[in-house]
Amino acid sequence: MEFPLTERTTLRRLPKRAVYDRELVYGILDEGFICHVGFAVDSRPFVIPTGYARIDDQLYIHGSQVSRTLRTLAQGVDVCVTVTLVDGLVLARSAFHHSMNYRSVVIFGRASLVEQREAKLAALLAFSEHVIPGRWDDVRPPTEQELKATTVLALPLIEVSAKVRNGPPLDDEEDYASNVWAGVIPLKVLAGEPISDPRLPQQIETPPYTLNYKRETI
Ligand SMILES: Cc1cc2nc3c(=O)[nH]c(=O)nc-3n(C[C@H](O)[C@H](O)[C@H](O)COP(=O)(O)OP(=O)(O)OC[C@H]3O[C@@H](n4cnc5c(N)ncnc54)[C@H](O)[C@@H]3O)c2cc1C
């Protein structure tokens, strides 16, 4: 199943790198957890980083009830959300052909408030599980007051494109004879060793989902 191309999601630069395949797009969204949310207030643009989670064909973002971003988006204004995964630095033989290997997604649409209590909780659980699988079951769930103080928005995944670059550098043919090193420096998100809170009682063990934390990689 592919996302339908629209005037806004048709790639014009290097269209061979365009991806509209739903599964591939969802794979990128599920590996990342930070998006950048672009919107305009009084014709002035803002791009704000925030966490997200996906459930089926909806992207959820959440935050404080008083957040300007969330209050603005809840009014149903046009929004553009991007997610970027950087897989490597591509070193070519010429300065011009240096590049990056990446997988990125651009989503256009309008978000709406998730008001129903159970749907709100489901989105928050999805967010927690998306970022740290296994964490939700260990922690105190949100109180009614905490739930009320949290705004959750859903953005339907309808108008979506992805762009993917992978592989070695693409140099000009005459440059392949050059003596300079060329290739790819792979990059990935790597978790360090968990650092226990100084206020943690000694007997509490570090849970496996912190010790073995990793994001899926291609
Ligand atoms: C990795 C990451 C994950 C985050 N996850 C969440 C999340 O899940 N939920 C959530 O509500 N917020 C999250 N934030 C914080 C988010 O970026 C906003 O700061 C927050 O949502 C408040 O939004 P606001 O529109 O009310 O900001 P306002 O306080 O109204 O913003 C006013 C101005 O402050 C500056 N500003 C605001 N945020 C930032 C920022 N992050 N960096 C630099 N300048 C900034 C900008 O100039 C902005 O125009 C995250 C931030 C990062 C970097």
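Two residues are in contact when they have heavy atoms within 4.5 Å. Keep that cut-off in mind, as several stops on this tour use it. What you have open is a predicted model, in which local features need pLDDT of at least 70 and side-chain atom pairs count only at pLDDT 80 or more, while totals for chains, interfaces and linings use all residues. Residues are numbered from 1 along each chain as its sequence is written, and side-chain values use heavy atoms, with hydrogens and water left out.

**Stop 1: the whole chain**

Start with the protein chain as a cartoon. Its secondary structure comes to five helices and eleven strands; these are DSSP runs numbered from the N terminus, helices being H or I with at least four residues and strands E with at least two. Along the principal axes, the C-alpha atoms fill a box of roughly 65 × 50 × 35 Å.

Of the 218 residues, 36% count as buried, where buried means under 20% relative accessible area, exposed over 50%, and partly exposed in between (1.4 Å probe, protein chains only). Among contacts with a separation of 6 or more, 72% join residues 24 or more positions apart.

**Stop 2: L157**

Select L157, in the loop between β9 (150-156) and β10 (159-165). Show its surroundings: beyond neighbours within four places in sequence, L157 is in contact with F3, R22, Y26, L29, R54, D56, D57, Q58, L59 and I107. For a contrast, draw a distance to P141: 16 residues separate L157 and P141 in sequence, yet their C-alpha atoms are 28 Å apart.

**Stop 3: salt bridges**

From the list around L157, pick R54 and display its side chain. R54 and D30 meet in a salt bridge, 2.8 Å from N to O; the term covers a side-chain nitrogen of Lys or Arg within 4 Å of a carboxyl oxygen of Asp or Glu. R54 lies in strand β4 (residues 53-55) and D30 in helix α1 (residues 22-31), so this pair ties together parts 24 residues apart in sequence. R54 is partly exposed at 21% relative accessible area, and D30 is partly exposed at 33%.

Next, move to E31. Its side chain meets that of R103 in a salt bridge of 3.1 Å, N to O. E31 lies in helix α1 and R103 in strand β7 (residues 99-110), so the pair ties together parts 72 residues apart in sequence. Both E31 and R103 are buried.

D78 counts as partly exposed, at 43% relative accessibility.

**Stop 4: V37**

Select V37 in strand β2 (residues 34-41). V37 is buried, at 0% relative accessibility. Leaving aside neighbours within four places in sequence, its contacts are F46, V47, I48, T50, I61, T69, L73, V79, C80 and V81. W136 is 99 residues from V37 in sequence and 25 Å away in space, C-alpha to C-alpha.

**Stop 5: the ligand**

Which residues surround the ligand? They are I34, F46, I48, P49, T50, G51, H62, G63, S67, R68, T69 and F127, each with a heavy atom within 4 Å. β3 (44-51), β5 (58-64) and α2 (68-73) each supply at least two residues of this shell, and β3 gives the most, with five.

Now zoom in on individual atoms. A polar backbone atom of P49 is 2.5 Å from an oxygen atom of the ligand, and a backbone N or O atom of H62 lies 2.7 Å from a ligand nitrogen atom. For S67, a polar side-chain atom lies 3.4 Å from an oxygen atom of the ligand. The protein covers 46% of the 850 Å² of accessible area that the ligand has on its own.

Definitions and conventions:
Polar contact = N/O pair within 3.5 Å; in protein donor to acceptor, adjacent residues only side chain to side chain. Areas by Shrake-Rupley, 256 points an atom, 1.4 Å probe, with all protein chains shown as cover.
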